[in-house]
Every structure is written in C-alpha cells, then in structure tokens.
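Please view the sequence and structure first.

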Amino acid sequence: MSKLDGLFEKNREWAKRLHSSDPNFFQKLADQQNPEYLWIGCSDSRVPANQIVGLLPGEIFVHRNVANIVVHTDFNCLAVLQYAVEILRVKHVIVVGHYGCGGIRAAYEDTDHGLIDNWLRNIKDIQYRHRARIEAIDGEEARMDLLCELNVMTQVSHVCHTTIVQNAWACGQELAVHGWVYSLQDGLLKDLECTMDQAGQIPDAYRVIC
Ligand code: CO
C-alpha cells in the first residue's frame, strides 16, 4: 500500500461530498471556469487561497510563489496574469502576503540560504529602499511585519506596471489590483488599502499611452 493512499481516500471523500451537495458541480466546472479573482500569494502551506476566502473550485484563479513576488521577467507569473486578465477577464487581482512569512524572514536575515537568496533579493531591495522607515521601529517581528506589508504594496505596483494591466485599463476594462495581508495567528485578512484601478494612479514613466 502506497504511503499516499490516504490522499486518494481523502480525494474520493471530497469529490463525493461536493457531488452530493450539487450533482452537476463537476460537470459545470468541466465545461468552463469563470473566476472573478486572481490571487497572487505565498506558497506557504498555511495560506491556501480558496479556504481562506471560502471559495469553491472555479471561483478563484491562483498563482503562488515564495513570498508572493511579481518580477517583470517572471514569465510564469506574467503568463498567469495575462491569461487571467485577457481571457478569463477577472475583475480583481489580489496580492496576498502573510505575517510570519519564511521568505520575508530569510530575506531580512543575513544568513546564507543558497539559491533562494537570489529570488529573495527582490525583498532585500525593498528592505534597503525603506531601511530608514524599517529601522525606526522597535523589535525584529514588528520590522518584519512592516517589510511584509511593504512587499505586498510593491508587488501591487509591479502588477500595475505590467503591459498586461496597462493595456487592459487603456481598453477600458474594469480591473482593480489590491494588496492584502493574512495573519497566521487568527486567520484574518487585512486590506492594506493600496488598491489601484486606473492608470492615473501610477507614475507617468510606466504608462502605456495608446
Ligand atoms: Co510566506
């Protein structure tokens, strides 16, 4: 017997439960997906997108990586964003960070973690840019919490600076980009209130003029 049999067993129970609540559930999803949201979150196993916001399969499109980073040359993330915006025509892109993020901690610390430190350099850049503000507050945990929030706000900007979001706005497509932080301590989300939904909110240097 495989050590993974338990997962198949849980899968059969899960499928049975959903089927019994709606016999057409899987057939409807097999025909199409129609999510209104794209979630860009951390890979952390404690931050599962669907469960946190109580949504079923088909209701939220998801991209996750270590420390929810949006890099201009990351074609994995950009492909997800393009598909979500241009084909699925989601109305909301939500960047979701979380307090207690191992990626943020690893970036904040000065120890060697191997290859991943190069990915986390993106966070180190934010830490360095905002060093005066971060160092002005007391306590390592509070500083990392602030870095976590600054990271989310930076990634919201990065999403908005892409040609994908710029072109959607230029075409008059309804699209808002939000920044949230999740607390592992109480399971609650906090809106950082850095939502952007029009090109006028970003610097001219990044604007695509049609
Ligand atoms: Co994390």
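## Pairing of β4 and β5

Tyr-182 has Leu-189 of β5 as its bridge partner. Strand β4, residues 176-182, is joined to β5 by three bridges, and the two run antiparallel. Strands (E, at least two residues) and helices (H or I, at least four residues) are DSSP runs numbered from the N terminus; two strands pair if DSSP finds at least two bridges between them.

The model is predicted, so local features need pLDDT of at least 70 and side-chain atom pairs count only at pLDDT 80 or more, while totals for chains, interfaces and linings use all residues. Residues are numbered from 1 along each chain as its sequence is written, and side-chain values use heavy atoms, with hydrogens and water left out.

## The sheet

Five strands form an open sheet in the order β2-β1-β3-β4-β5, with mixed pairing. Because β2 (60-65) and β5 (189-191) are at the edges and have a single partner strand each, one side of each lacks a neighbour in the sheet. Neighbouring strands are turned by 25° against each other on average, direction ignored.

Helix α4 (residues 75-87) packs on this sheet, touching β1 (37-42), β2 and β3 (92-98), and its direction makes about 170° with that of β2. Contact means heavy atoms within 4.5 Å. Axes are lines fitted to C-alpha atoms, for helices over the stretch in contact, and angles run from 0 to 180 degrees between N-to-C directions.

## Nonpolar cores

The largest nonpolar core has 48 residues, of which Leu-38, Leu-81, Val-93, Ile-123, Val-156, Val-159 and Leu-175 touch the most other members. Helix α8 (140-161) gives the most to this core, with nine residues. Such a core is a set of buried Ala, Val, Leu, Ile, Met, Phe, Trp, Tyr and Cys residues joined through side-chain atoms within 4.5 Å. Buried means under 20% relative accessible area, exposed over 50%, and partly exposed in between (1.4 Å probe, protein chains only).

A second, separate core of eight residues includes Val-47, Val-96, Trp-180 and Tyr-182. The buried residues of α9, among them Ile-164 and Trp-169, pack against α4 and α8.

His-98 is buried, with a relative accessible area of 0%, and Cys-101 is buried at 4%.
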